[in-house]
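Student: Please pick one part of this model, go through it closely, and then set it in its surroundings. State the cut-off behind each term when you use it.

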Amino acid sequence: MSNDEIVKKALGEIGAAGSSGELNDIRVKYLGKKGEITMLMKQMGTLAPEERPAFGQAVNAARGSVEQALLSAAEKIAQKEDAAKLAAERVDITLPGRAQALGALHPLTQVYYEIRDIFLSMGFDVNEGPEIELDQYNFEMLNIPKDHPARDMQDTFYVSDDVVLRTHTSPVQVRTMLGQKPPIRMVCPGRVFRTDDVDATHSPVFMQMEGLVVGKNIRFSDLKGTINTFIRNFYGEDVKTKFRPGFFPFTEPSAEVDVTCTVCGGKGCAACKGAGMIEVLGCGVVNPVVLQNCGLNPEEYSGFAFGMGIDRLANTKYGITDIRLLYENDARFLRQFV
Ligand SMILES: [Zn+2]
């Protein structure tokens with residue numbers, strides 16, 4: 001095969017090559033150690049000396065044109081391959097992103113903050129205490145000795161004879177009176193525990209908030225004013241309150257407070273059992289015995305206390321009829337409070 005024929009064949013193959021891999025094979029086939037053009041050079045020895053320069057030039061020219069063709073083909077193929085790669089990796093920036101679900105405060109926490117802020121605005125402090133409590137602080141100093149029938153009102157988890165899971169946040173009131181001289185004006189929120197079975201209105205653990213005011217000349221009218229102000233701030237100006245006589249060992253006199261049913265607005269419905277009012281908290285004037293137990297002179301000081309279930313307030317505010325919803329944390333329920 002002549003030089004020209006070899007070059008023509010090589011250029012044809014280069015033109016048909018579709019990838020840089022194929023081009024490389026063609027380079028080896030013609031210009032490699034045993035390539036067709038390289039082998040031509042080796043024929044030089046068989047020629048007469050005067051023929052050699054012309055032959056050498058011709059082979060070099062053939063080699064040059066194949067190299068040139070390989071180079072420009074390589075450039076074109078590289079461009080084509082780049083374009084294909086870009087197309088394959090193309091990102092559609094007009095596609096909408098994946099929405100990130102936003103977290104929010106649990107409805108109980110939201111209601112707690114709301115109640116707390118109302119009392120903070122009235123000048124109350126927020127005090128906390130342990131959930132595992134001495135029987136002495138949970139019961140005895142609150143005028144509920146071991147044989148007192150009132151213990152039956154609260155079904156208690158006993159850790160030992162002298163230690164309980166607190167059944168109310170009242171022991172924080174005891175701790176406050178023991179540690180602070182009046183005037184006292186504080187609320188104590190927290191988890192409390194009773195041996196109740198779970199149903200729509202009971203849970204063995206629930207959230208309570210109590211309040212205590214102790215000072216000179218504190219009267220039942222101060223209690224009424226404080227509770228009415230709180231209720232109006234929490235439920236709205238239109239809600240009415242009713243103080244009914246009640247009984248608690250640690251207050252005397254005691255009252256239970258009803259508010260206009262938030263579901264029916266006072267007309268009567270299933271939620272309020274037709275009464276038009278629902279009970280939301282208990283309160284009273286601090287029993288002088290409790291003041292004395294906590295080292296305060298009942299001749300000098302008087303006070304009032306109140307307690308409410310945060311769960312119950314959340315339920316009445318939002319018309320939730322089953323307390324379990326607050327503790328099961330079903331995202332479909334929680335999302336309604338975002
Ligand atoms: Zn009602």
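Tutor: A donor here is an N, O or S atom within 2.8 Å of the metal (3.2 Å for Na, K and Ca); water is not among the atoms, so a site may look incomplete. The model is predicted: local features need pLDDT of at least 70 and side-chain atom pairs count only at pLDDT 80 or more, while totals for chains, interfaces and linings use all residues. Residues are numbered from 1 along each chain as its sequence is written, and side-chain values use heavy atoms, with hydrogens and water left out.

In sequence, the donor residues of the zinc ion follow the spacing C-x2-C-x4-C-x2-C. They are C261, C264, C269 and C272, each through SG, at 2.2 to 2.3 Å from the ion. Four donors count as tetrahedral if all angles lie between 85 and 135 degrees; four count as square planar and six as octahedral if opposite donors are over 155 degrees apart and all others between 65 and 115, and anything else is irregular. The angles subtended by the four donor atoms around the zinc ion are 103 to 113°, so the arrangement is tetrahedral. For accessibility, buried means under 20% relative accessible area, exposed means over 50%, and partly exposed lies in between (1.4 Å probe, protein chains only). C264 is buried because its relative accessibility is 13%.

Next, the strands. Helices (H or I, at least four residues) and strands (E, at least two) are DSSP runs, numbered from the N terminus. Two strands pair if DSSP finds at least two bridges between them. Seven strands form an open sheet with mixed pairing, in the order β1-β4-β5-β9-β8-β7-β6. Its edges are β1 (125-126) and β6 (241-248), each of which pairs on one side only. Strands β7 (residues 251-260) and β8 (residues 277-286) are antiparallel partners joined by eight bridges. Within this pair, V259 stands opposite I278 of β8.

Contact means heavy atoms within 4.5 Å. Axes are lines fitted to C-alpha atoms, for helices over the stretch in contact, and angles between N-to-C directions run from 0 to 180 degrees. Helix α7 (residues 170-179) touches β4 (184-193), β5 (205-215) and β9 (302-309), and its direction makes about 145° with that of β4. Seven of the 10 residues of α7 are buried, namely S170, P171, V172, Q173, V174, T176 and M177. These buried residues pack against β2 (132-134), α6 (135-138), β4, β5, α9 (288-293) and β9.

Now β9. Eight of its eight residues are buried. S302, F304, F306 and M308 point one way from the strand, whereas G303, A305, G307 and G309 point the other way. β9 runs antiparallel to β5, with eight bridges between them, and also pairs with β8 in the antiparallel sense over five bridges. F306 in β9 is the bridge partner of G211 and also of C283.

β4 and β5 run antiparallel and are joined by 10 bridges. β1 and β4 are parallel, with two bridges. M186 of β4 is the bridge partner of D125, and L212 is the partner of M186 in β5. Of the 10 residues of β4, eight are buried.

D322 is located in the loop between α10 (310-318) and α11 (325-328). D322 is buried because its relative accessible area is 19%. A polar contact is a pair of N or O atoms within 3.5 Å; within protein, one must be able to donate a hydrogen and the other to accept it, and residues adjacent in sequence count only if both atoms are side-chain atoms. The side chains of D322 and R324 make such a contact at 2.9 Å. Not counting residues up to four places away in sequence, D322 touches D199, A200 and N315.

S221 belongs to helix α8 (residues 220-235). With a relative accessible area of 47%, S221 is partly exposed. S221 and M308 lie 87 residues apart in sequence and 19 Å apart in space, C-alpha to C-alpha.
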